[in-house]
Amino acid sequence: MVCPGPEGEGRALTKIPIKRALISVYDKTGLTDLARALDGAGVEIVSTGSTAAAIGAAGVPVTRVEDVTGFPECLGGRVKTLHPAVHAGLLADQRQPAHREQLGERGIAPFELLVSNLYPFEETVASGATAEECVEQIDIGGPAMVRAAAKNHANVAVVTDPSMYAAATEAVAGGGFTLAQRRRLAARAYANTARYDAAVASWFASVYAPDGTAAETGWPDVVAALWSRQEVLRYGENPHQRAALYLGTGRAPGIAGADQVHGKAMSYNNYVDAAAAWRAAFEFTEPCVAIIKHSNPCGIAVGADLADAHRKAHASDPVSAYGGVIAANGPVTAALAAQIAEIFTEVVVAPGFEPAAKELLTAKKSLRLLSCPPPERAAAAPIEWRQLDGGLLMQSADLLDAPGDDPATWELKAGPVASGEVMADLIFAWRACRSVKSNAILIATGGATVGVGMGQVNRVDSARLAVTRSGERARGAVAASDAFFPFPDGLQVLAGAGVNAIVEPGGSVRDDEVVQAAADAGVSLYFTSARHFFH
């Protein structure tokens with residue numbers, strides 16, 4: 001079999017037997033079992049510091065690295081492996097006579113295996129450690145060895161994670177790693193060091209040593225991240241587009257890391273809609289169900305329980321709900337599952353599924369069920385990224401945490417003071433409106449949407465769409481607008497349909513005209529001073 005690729009040159013894909021291994025790890029998980037397996041296969045083990053001590057304590061013969069270099073570890077362990085006797089052994093290309101000759105002249109034996117993992121820098125930062133402690137956890141020798149072995153993968157296999165030890169043990173017993181295996185190990189090694197460097201670079205730029213602008217604004221001058229492929233999707237937004245799902249390192253998994261417990265493979269659009277549904281459902285602490293289609297809600301409702309919430313959400317727009325994505329902010333019950341089973345649905349995502357609910361829903365072969373933990377509520381708003389041609393936009397996530405999101409701060413501008421029941425619906429509508437694409441108008445009653453207008457290029461058209469979808473249900477209902485009414489016409493459309501209370505940010509140069517239109521119609525109008533565009 002001929003090896004393709006840059007180092008092929010007609011060379012067969014033969015295995016390289018492992019005769020000598022260098023082991024230097026911070027994470028000691030599985031270390032002694034690996035060392036025993038290597039020793040049992042006749043592999044000479046060279047190791048450093050606490051790693052060597054752990055191997056020796058397990059009764060496995062080990063050569064300390066200082067006995068190889070002739071130079072003791074120093075500076076509290078900062079310098080152990082940064083020596084030609086180590087790096088020449090990792091970098092020597094044994095296919096080249098000159099390399100073999102130089103190793104012989106200098107009495108250096110080559111390595112065929114490196115096992116190394118790095119200091120826990122990310123974990124140290126996340127723990128709230130001091131800056132000095134974080135700096136101390138920046139590994140120098142480890143990444144240097146890993147990169148060296150990965151570069152010389154034609155001769156050396158590099159193992160960077162305890163999860164790979166079983167495969168390494170099997171390969172050593174089977175005569176070594178193939179070139180294809182060493183390439184994959186090298187790729188993982190470089191991904192590992194890239195992630196490590198990205199974490200260090202981002203921390204330095206944003207926390208430890210920001211430039212003047214970054215210090216003033218809180219935005220780093222350098223942003224680095226690594227994304228790992230989770231799965232290849234059948235296609236993208238449309239069948240002619242290619243697509244894959246990636247997980248971000250150091251980020252909460254969210255929908256991307258949800259556990260699919262049943263159904264066909266998730267599509268690109270399934271993931272997009274599931275994320276939108278999840279966001280909408282968890283705007284509320286009471287039982288809530290959101291039904292999403294093309295990233296917009298067909299219905300959102302809260303209820304006495306999830307089955308009640310689903311009935312109300314589905315009734316909002318049953319035509320659009322066909323083929324939608326459903327999210328619940330609590331475990332799916334048998335009662336909720338029985339209702340969902342009667343409607344064609346693409347995806348159901350929830351924190352869990354009761355056994356009876358799972359039995360009902362798994363009878364639907366194509367229905368996708370995702371189990372996903374509730375979203376984390378961080379002390380600070382997470383950062384959102386949006387890719388542009390040639391660049392990236394970053395912003396703090398839009399959460400319902402602006403001062404104007406507290407109903408106690410709302411200002412009544414026209415009409416009578418809302419009753420308790422009306423105010424409850426206004427609060428619901430304001431929270432639900434944040435999940436609607438701008439321009440957004442949401443009509444609600446009884447803790448449920450009855451008409452949603454979204455994504456229009458002017459607000460009056462969104463108001464007309466919401467009214468059309470509501471029909472007679474608009475009478476006596478309330479409405480929320482994600483941004484101010486630039487003219488009275490949008491409010492007048494809602495008032496003409498019978499909406500009796502409206503909440504909106506205010507802030508238009510024509511606010512006086514809008515307020516007057518509300519007063520003329522006898523509509524209670526509240527200003528929040530907070531806006532929630534969602535493009």
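Contact is taken here as heavy atoms within 4.5 Å, while helices (H or I, at least four residues) and strands (E, at least two) are DSSP runs numbered from the N terminus. The model is predicted, so local features need pLDDT of at least 70 and side-chain atom pairs count only at pLDDT 80 or more, whereas totals for chains, interfaces and linings use all residues. Residues are numbered from 1 along each chain as its sequence is written, and side-chain values use heavy atoms, with hydrogens and water left out.

Setting aside neighbours within four places in sequence, Gly 89 is in contact with Pro 84, Ile 108, Ala 109, Pro 110 and Phe 111. Between Gly 89 and Ile 502, the C-alpha to C-alpha distance is 74 Å, with 413 residues of separation in sequence.

On a 1 Å grid over the protein atoms alone, a pocket is an open set of points where a 1.4 Å probe fits, with protein on both sides within 12 Å along at least five of seven lines, and lining residues have an atom within 4 Å of a point. Of the 26 lining residues, Asp 161, Arg 188, Ala 191, Asn 192 and Arg 195 are the closest to the pocket centre. At least two lining residues come from each of α6 (121–126), α10 (179–208) and β6 (227–232), and α10 gives the largest share, 7 residues. By class, the lining holds 12 nonpolar, 6 polar and 8 charged residues; Ala, Val, Leu, Ile, Met, Phe, Trp, Tyr, Cys and Pro count as nonpolar, Asp, Glu, Lys and Arg as charged, and the others, Gly among them, as polar.

Finally, the cysteines: the structure holds 0 disulfides, a disulfide being a pair of cysteine sulfur atoms within 2.5 Å. The sulfur of Cys 298 is too far for a bond because the closest cysteine sulfur, in Cys 288, is 14 Å away. Cys 372 is likewise in no disulfide, its nearest cysteine sulfur, that of Cys 288, being 15 Å away. Cys 298 is buried at 6% relative accessibility, and Cys 372 is buried with a relative accessible area of 1%.

Technical notes: Buried means under 20% relative accessible area, exposed over 50%, partly exposed in between (1.4 Å probe, protein chains only).
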